[in-house]
Structure formats: structure tokens, C-alpha cells
Amino acid sequence: MTPSAPSQPIRDARTLGVPKMLILGLQHMFAMFGATVLVPILVQSYGLPLNTQTTLFFAGFGTLFFHFCTKLRVPAFLGSSFAFLGGFAAMANLDSGIYATMEPGEKLQYACGGIVVAGLLYVILAAIVRTVGVQRVMHFLPPVVTGPIIVLIGLNLAPSAVSNASTCWWLALVSMGIIVVANIWGKGMVKILPILLGVAGGYVVALVTGQVDFSGLADTTLFSGTNPVLGLQPFLADPGSSIAKFDPSAILVMAPIAIASMMEHIGDISAISATVGENFIERPGLHRTLVGDGVATALAGFFGGPANTTYGENTGVLALSRVHDPRVVRLAAIYAIVLSFSPAFAHLVNTIPAAIIGGVSFILYGMISAIGLRNIVENHVDFTNSRNLIIAAVILVCGLGFTDGLTFHLGGMTITLTSLAVAAIAGIVLNAILPGNDFHVGKSGSGDDTATLGRY
């Protein structure tokens, strides 16, 4: 048996029929679900009652809003951002001033107020991009900068894949094997549903071998109990305990994290562009993607949810399935909204063993890094040019070396930048100050030899 020949990407999933489109949307939903619900689980471990239902609702609603802002062109899913976890942890530990005797629920409201401001910073950057033009902005973000950043997005996620897979290596390998066989030797829908098949197939094996724990579903009833099948969103049932509150201290803790998340946003949009083969930075425009992500984040924060961000997991699904139609991503968003009204479903999905998620992540996260490498190669980045070599080297070392981020004090407040934010800032600064940057959006080249720092 030989692998089937590579097929052309599918840009209009309607040609496959409605039933297949619905299944494709389900695949994207499973890809984002684990990481999206992990954020509230982690924040709850800090002592702040971030709600899983609210998180799911604004992941779906934020995705639909993002698609509206980007003229329904960009196949991105907005899930909950991990970049703000440090901010939530800092807010949980605040014990001075008004926070000294404050209940965790109210602390969360102030933290969410900071997220609202962080989202509005996206809008400010979007206005700058709109005013000066994307050409000038992206002049400082050539492939020699964005390519290594995309590589780092996948590499930074890699430890979580190994950690999950290590809980049961043989089960992780089963899921990986199903994905590989389906994608390389599969035909028709089998070939474009490898992730869903990897999850479903691995889950069946886990059920047969007794690896699934259903204890979390013990108290499941229709409208009441710990895990009701149907339940109102907290911000609808009790708005007073969910709506964001604002305080300068909380804003200074949460809002600066937007520096990191905006850099990640640009890297993710570049990755999606490279995956789909369209320049979304230019059309519909970086200003539109920033507004979509920023306003979605502000809305989520205002109603008690976490910040949103474009999800690399779903970019991996685009690359593997080769179905690039944004409609299937919007279906996943609708699923997320519907399921956000079912606490029991969240617990059901959480019965998927971590090893299966790890096996799937092995493929998805590696695909993201591979996309970054492809971005570098297709734009003919010349690494015999020492300027390019230095920029890429510093980005990679910063992104992998600052494992705990970079923390510094400014005016009495503590700010922590993630390793990815440090890498992005270092790359942008070096690209701006070193001679030889002749990059223009839509054009590629090896650099201006008259301003080169030398060749190897």
C-alpha cells in the first residue's frame, strides 16, 4: 500500500456536503477544547473561581465576532489565553490595600477588569496599523522574525504534549498511529479527519482497557446537581458576581500582558497565513484581526471570562486536514456556545485521558513549528547573511531560554513577560537596529548586500 497523492486544499467545505462539514467542525472543537477548559481549571487552582461555562461561551462568541471583523476570511479559532495565567496568579496572591480581605470571586472581577483594558490595547495597536499602514508595521516583522516566532509557538507547547503523553505512552502512541495512518494512507473523509479519528479511536481503546474515569459524572441530572446537563451562564444567572470591576492595581497587573499576547497574535496570524497560503496580514488586514481579537478579549473579560487568543491547535488541524474553509471553524464556535450551557458535557469531555490529548498534541504542535520553518524557506530567508542568523539565533535562545519568562519591576509594580514575548521583542528590536532590512510585504529577498554584516 502506498500513500495517496497529496490533494489540493479544500477552500469551500460546502462541496463536501452538510454532514461532513458538521463533522469537520467537531474536529476543530475537539482540538481547542482541552486547552480552552484547562485555563479555568488552572485559575481555579490559584484560588480564583473562573468559570468553565463562561470560558467556553466566550471562546465561541469571540471566534464568531473575530470572523465578522475579518470579513469571514480568516480560519482562526479564539480560545482562552495561557499568557494571562501569571496575571491571575498574581491577583490571587494580592493581599494589600483593598485586596487584603477581599473574597476570591471579587478579586476575579478586578482581574477581569484588567483583561478588558488589555483587550482595548489591541484596538489601539490596530488604530496605529490602520493609520501608518500595514506595510510600515510589517517592515519590522519580516519572515526572519515571524518564522522563528512561529517555530517557538510549537516548541513552547511541546512540553505539555510530552507531559500528557507520559501519563500512558502506549495509549498516546495509539492515537498518534491512527492520525498518521488516516492522514497518509486514508482516502476521502478519513484523510481530512485524522485528529477526530485519533481522539475517537484512542478513546474507544481507553474504554476497552479501563483507562476512562467517569467519577466526575456521578451527580448528573437535567437541571440541578453538581453537573446538570443544562444550566445558565453565571453572568446571566447572577450578573452582580460576574461583571468586571476596575482598579489601577489590577489593571497594572493584567493589562501589560497584552504586549505578549499581541506579539503572539501577529505570530499566529502569520502561521495561519502560511498554512492557508493567503496573506491575511494584508487582506483583510492586521488591523482587522487585532480588533477582532482585542474586542473579543474585552467582552470576555467584562462578563467574567479569560482573555482570548488565536489557537495554534486549530492551525495544526488546518495544516493536517487541508480543509481551509473558515465555515468549519465557525461551526466549532457554535458548538462551543451550545455546549457552554451544559456543565455535564465539559465533565464528559474531560474524561478523555490526558495521554490521548498528548498523542494528538505531538502531531499538532510539531506541525506549528514545521509551518514556521516552511515560512522561512518559502520567503527565501538567507542564513548565510549574518544579520539574519543573529536575529534568528537570539529569538530562539530567548524563546527557549527564558522558561519562566522575564520579571522586572517598574514604578512599584511587577511585570512578567512570557518567553515568547521576550523573543518577539528581542527579534523586533534587532531587526529594527541592524542594517540590511529591505523586507516589504508581498515581496521576498535575501537582503541588501550593501548593508550586510557579513556572510558565512
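In this predicted model, pLDDT stays under 50 over residues 1-6, a stretch for which the model has 7 contacts beyond four places in sequence. Across the protein, pLDDT averages 83, and 87% of the residues score at least 70.

Two helix pairs were examined. Helix α4, spanning residues 104-132, packs with helix α13, spanning residues 281-302, at an angle of about 165 degrees, and their axes are 7 Å apart. Because angles over 145 degrees count as roughly antiparallel, α4 and α13 are therefore assigned to that category, and their crossing is left-handed. On the side of α4, the contact is made by residues including Cys112, Ile115, Val116, Gly119, Leu120, Tyr122 and Val123, and on the side of α13 by residues including Leu286, His287, Leu290, Val291, Asp293, Gly294 and Val295. By class, 15 nonpolar, 5 polar and 2 charged residues take part in the contact of α4 with α13.

Helix α6 (residues 143-165) packs with helix α19 (residues 419-433) at an angle of about 170 degrees, with axes 10 Å apart, and these two helices are therefore also roughly antiparallel to each other. The contact is made by Val144, Val145, Ile149, Leu152, Ile153 and Asn156 of α6, together with Ser419, Leu420, Ala423, Ala424, Gly427, Ile428 and Asn431 of α19. The contact of α6 with α19 comprises 9 nonpolar and 4 polar residues, with no charged residues.

Following α13 is glycine 304, whose phi is positive and lies near 95 degrees.

Positive phi values were also found in residues other than glycine. Lysine 71, which is not a glycine, has a positive phi of about 60 degrees, and this lysine is found in the loop between α2 (52-69) and β1 (78-80). Arginine 322, also a residue other than glycine, has a positive phi near 60 degrees, and its position is in the loop between α14 (312-321) and α15 (326-339).

Definitions and conventions:
Residues numbered from 1 in each chain as written. Predicted model: local features only at pLDDT ≥ 70, side-chain atom pairs only at ≥ 80, totals over all residues. Heavy atoms only, no water. pLDDT = per-residue confidence, 0-100. Contact = heavy atoms within 4.5 Å. Axes fitted to C-alpha atoms, helices over the stretch in contact; angles between N-to-C directions. Helix = DSSP H or I, 4+ residues; strand = E, 2+ residues; numbered from the N terminus. Parallel < 35°, antiparallel > 145°, perpendicular 65-115°, else oblique. Left-handed = near helix turned anticlockwise from the far one by under 90°. Nonpolar A, V, L, I, M, F, W, Y, C, P; charged D, E, K, R; others polar.
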